[in-house]
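Have the viewer open as you read.

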Amino acid sequence: MKTEAARSPDGVRIYAPEDFEGMRRAGRVVAEVLDMIEDHVRPGATTAALDKLCQDFVEASGATSATIGYRGYQHASCISINHVVCHGIPGERALKDGDILNIDVTVIVDGWYGDSSRMYVAGEPSVKAKRLIETTYHGLMLGIEAVKPGGHFGDIGAAIQHYAEGRRCSVVREFCGHGLGRVFHDSPNVLHYGRQGGREAIHSGMFFTIEPMLNLGRPETKILADGWTAVTRDMSLSAQYEHSVGVTDQGVEIFTLSPAGRFAPPWLR
Ligand code: MF3
Ligand code: CO
Ligand code: CO
C-alpha cells in the first residue's frame with residue numbers, strides 16, 4: 001500500500017525524520033563541488049571550463065546533475081557574472097580581474113536533491129562589490145535563522161528584506177527559493193521579501209531552499225534572448241547565496257554546509 005505524502009494545512013510536503021539523511025548526502029556533494037571550484041576561479045578561466053570541472057566532480061561523486069536536461073538546460077551549473085542575477089549559461093566568456101560570480105549547482109543522490117550556490121571573485125573585487133556580496137551572505141544567514149517550527153515563511157522574507165534594504169541593497173522579486181526533496185522545485189515559493197507572520201506556516205520536516213538575490217541598484221530584472229540569463233535592468237551588480245535546509249523540532253538544519261568552511265565570502269572567514 002502506498003501511503004500519501006504528509007502535507008501541512010497549506011499543502012507543503014512534510015518529510016520523515018529518516019529522510020534527513022538523504023538530504024545530507026545530496027547536500028554534501030553540492031557543497032564539495034562548490035568547495036572544489038573555488039581554487040579554479042581566477043582571471044582567464046572560462047565559465048565553460050568551470051562548468052566542466054563541476055560536471056566531472058558530480059559524476060565522480062556518483063551523483064547526477066539535476067540541471068542537465070532540466071527544461072532544456074544543458075549544463076551542470078549556472079554561472080552568473082556581475083549584473084547577471086541568476087541562470088547564467090556557461091560558455092567561452094573568460095573571467096576578468098574584479099569580476100564577481102555566482103556558481104549554482106544542483107545534484108541528485110539516490111533521488112534526493114541538493115541545491116546550493118555561492119559567490120566567487122576573480123582577482124580583486126571593488127569595495128562596493130564586496131559590500132553587496134557580504135550583505136547577500138549575511139541576508140541568507142539571517143533568513144535561515146528565522147526558520148523555526150511555528151513560524152511562517154514570511155518571517156524569512158522579512159528578515160532578509162529588512163537587512164538588505166538597511167544596507168542599501170534591493171531584493172529581487174521575480175525569483176524565489178523553493179521546496180525541494182525528492183523533486184527539484186516544489187511548493188512553497190520562498191520569497192526573499194515580505195512580512196513577519198505572513199505566508200505559509202513552517203513545520204518540522206519541511207525541506208526548502210533560501211536563495212536571495214540582491215542588487216546594488218534597482219530590483220527589476222529581465223531575461224535575455226537565450227531564454228535563461230536573468231540580468232538587472234539597470235545593469236547594476238547582483239549577488240546570490242543559496243542553501244538547502246530542513247526544519248527540525250529545534251529549528252533548522254543546513255544540508256549544504258561547506259565541509260572545508262568555504263561557504264562565507266573569503267575575506268570574512
Ligand atoms: N539551481 C537553480 C535554483 O536554485 C535552478 C537552476 S535551473 C537551470 O533553483 F536549469 F537553470 F539550471
Ligand atoms: Co534553488
Ligand atoms: Co540553485
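The dialogue below goes from the ligand site to the other spaces and then to the backbone.

Q: What should I know about the model and its numbering before I start?

A: This is a predicted model, in which local features need pLDDT of at least 70 and side-chain atom pairs count only at pLDDT 80 or more, while totals for chains, interfaces and linings use all residues. Residues are numbered from 1 along each chain as its sequence is written, chains are lettered from A and ligands numbered from 1 in the order in which they are written, and side-chain values use heavy atoms, with hydrogens and water left out.

Q: Which side chains have an N or O atom close to an oxygen atom of ligand 1?

A: Look for polar contacts, pairs of N or O atoms within 3.5 Å. The side chain of His185 has such an atom 2.8 Å from an oxygen of ligand 1, and Glu211 also has one at 2.8 Å. For the side chain of Glu242 the distance is 3.0 Å. The protein covers 97% of the 340 Å² of accessible area that ligand 1 has on its own, by the Shrake-Rupley method with a 1.4 Å probe.

Q: Which space does ligand 1 take?

A: Spaces are found on a 1 Å grid over the protein atoms alone: a cavity is a set of points where a 1.4 Å probe fits but cannot get out, a pocket is an open set with protein on both sides within 12 Å along at least five of seven lines, and lining residues have an atom within 4 Å of a point. A molecule sits in one if more than half of its atoms lie within 2 Å of its grid points. Ligand 1 takes the largest pocket, whose volume, the space filled by probe spheres set on the points, is about 480 Å³. Its lining counts 25 residues, with Tyr70, His87, His178, Phe184 and His185 nearest the centre. Strands are DSSP runs (E, at least two residues) numbered from the N terminus, and β6 gives the most to this lining, with 3 residues.

Q: How much space lies in the second largest pocket?

A: About 190 Å³. Among its 13 lining residues, Ile79, Ile81, Val84, Ile89 and Thr229 are closest to the centre. Strand β4 (residues 77-81) gives the largest share, 3 residues.

Q: What is worth checking in the backbone?

A: Most residues other than glycine have a negative phi, and most peptide bonds are trans. In this model, a cis peptide bond joins Ser187 and Pro188, with omega about 5°, and Pro188 is found in strand β10. Arg71 has a positive phi of about 50° and is placed in the loop between β3 (64-65) and β4.

How values were computed:
Polar contact = N/O pair within 3.5 Å; in protein donor to acceptor, adjacent residues only side chain to side chain. Helix = DSSP H or I, 4+ residues; strand = E, 2+ residues; numbered from the N terminus.
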